[in-house]
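Here is a short briefing to read alongside the model. Please keep the sequence and the 3D view open as you go.

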Amino acid sequence: MSLLLYPVVELYRYALQPVAPFTWFGLSLSTLDVVAAVRLCVALRQIREKLWRDHIQKTKTVRSEKDAVALPEVEQRSFVRDAAAVLLVVYGGEAVTCPALAIPPSFMLSGVVPAFYTAVQAAVEKLPYVPTPAFQNEVPLAAIDGMTRAYLLCNLIPPMVTAHTSPAINSNPWTLLLTSLFTANAGFFVTNLFSFFQPYALTLTTPTEFLPYGWTTTDLWCAPLITGLYAFLTHAQPFWADAHNVALGWLGRADGVEKIAAVDPETARAVCAIVLAGLFTTRAVKNFGAAAAKAKTKVQ
């Protein structure tokens, strides 16, 4: 195993161990589950606060002009609305893909994780302050985002397809990629569609993904990319095993050599986590780096 991958593999083994106080009650929530939930709830609060500041600034600008345009009034925040938004982000994708695959979504089988995310959301809302996203905090968090997202795209989503009872589904690479795309992104699509994070009443609006160049959003296309990479390395389906051998042939492997063995799942997941960390770091540098700050200063 590569020296670069070994620490990531060991970190996953440690982070996926059930931890107290959840184990006291027979719950198998791990450190990774806790980190992922806190990170998501904090990020969503940061989004809400940014949209609130932008809306207030826009209101002040409009009121200072002669031709005033009616803007939606700010609505008092509701815990139920914010908790529902968190649960939509987490489970919205399952709610879309599971009926198509004829399998029950996880939240219909157990209420532990939904209750856990609701509790974390309540705790995050009680915090007096959360930092504004900036280069100094988003770049280090890219590694954590890479690990949590890789776990979702490598361990949680693929079994929905590969463990399916129907051969037409469990061996279909298109189904695997489509399931990853929708499961990972449909939740944010729905919350953006209904303006859940905006400070005003729920309103139908064009989701970010449908705006110009919305398809270039890293979170959107990285889902099928990483799931496909994991399936490619682990030979999750016959198609990916053949693709792996063909790719090695293109790279100069001699004909007649025995088929390449699959990479073990832990190593493949570590590769995916490193790729995702690189993608998220690049996004953070682009959005919050010196070039972005300079452009913002020029606009102001």
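Phe135 sits in helix 5, which covers residues 135-156; helices here are DSSP runs of H or I with at least four residues, strands are runs of E with at least two, and both are numbered from the N terminus. The model is a predicted one, in which local features need pLDDT of at least 70 and side-chain atom pairs count only at pLDDT 80 or more, while totals for chains, interfaces and linings use all residues. Residues are numbered from 1 along each chain as its sequence is written, and side-chain values use heavy atoms, with hydrogens and water left out.

**Around Phe135**

- Phe135 counts as partly exposed because its relative accessibility is 36%; buried means under 20% relative accessible area, exposed means over 50%, and partly exposed is in between (1.4 Å probe, protein chains only).
- Setting aside neighbours within four places in sequence, Phe135 is in contact with Pro140, Ala284, Val285, Phe288 and Gly289, where contact means heavy atoms within 4.5 Å.
- Phe135 and Phe210 are 75 residues apart along the chain, and their C-alpha atoms are separated by 27 Å.

**The overall picture**

- The protein has 12 helices and zero strands.
- Along the principal axes, the C-alpha atoms fill a box of roughly 80 × 50 × 35 Å.
- Of the 300 residues in the protein, 36% are buried.
- Take the contacts between residues at least 6 apart in sequence: 71% of them join residues at least 24 apart.
- The accessible surface comes to about 17,200 Å², and carbon and sulfur atoms account for 67% of that surface. Accessible areas come from the Shrake-Rupley method with a 1.4 Å probe, and for residues only the protein chains shown count as cover.
- There are 22 positive and 20 negative side chains, and the centres of the two sets lie 9 Å apart. Lys and Arg count as positive and Asp and Glu as negative, while His and the chain ends are not counted; each charge is placed at NZ of Lys, CZ of Arg, CG of Asp or CD of Glu.

**Salt bridges between helices**

- The protein has 12 salt bridges, each being a side-chain nitrogen of Lys or Arg within 4 Å of a carboxyl oxygen of Asp or Glu.
- One of them joins the side chains of Arg39 and Glu138, at 3.2 Å from N to O. Arg39 belongs to helix 2 and Glu138 to helix 5, so this pair ties together parts that are 99 residues apart in sequence. Both Arg39 and Glu138 are buried.
- Arg48 pairs with Asp82 in a salt bridge whose closest N and O atoms are 3.7 Å apart. Because Arg48 lies in helix 2 and Asp82 in helix 3 (residues 79-101), the pair ties together parts that are 34 residues apart in sequence.
- Arg48 is buried at 7% relative accessible area, and Asp82 is buried at 3% relative accessibility.
- Arg48 also forms a salt bridge with Glu125, with the closest N and O atoms 2.2 Å apart. This pair links distant parts of the chain, since Glu125 is in helix 4 (residues 112-126) and Arg48 in helix 2, 77 residues apart.
- Glu125 is partly exposed, at 29% relative accessibility.
- Through shared partners, salt bridges join Arg48, Arg77, Asp82 and Glu125 into one network.

**The loop between helix 8 and helix 9**

- Phe194 lies in the loop between helix 8 (173-193) and helix 9 (218-234), and it is partly exposed at 34% relative accessible area.
- Phe194, Leu202 and Leu204 make a nonpolar surface patch of about 300 Å². Patches are made of residues with over 30% relative accessible area and no salt bridge, with like charges joined within 9 Å and nonpolar side chains (Val, Leu, Ile, Met, Phe, Trp, Tyr) within 5 Å.
- Tyr213 is in the loop between helix 8 and helix 9 too, and it is exposed, with a relative accessible area of 63%.

**Backbone spots to look at**

- Most residues other than glycine have a negative phi, and most peptide bonds are trans.
- Tyr213 has a positive phi, near 65 degrees.
- His235 is not a glycine, yet its phi is positive at about 60 degrees. His235 is in the loop between helix 9 and helix 10 (238-250), and it counts as buried at 18% relative accessibility.
- The peptide bond from Ala20 to Pro21 is cis, with omega near 10 degrees; Pro21 is in the loop between helix 1 (5-15) and helix 2 (31-63).
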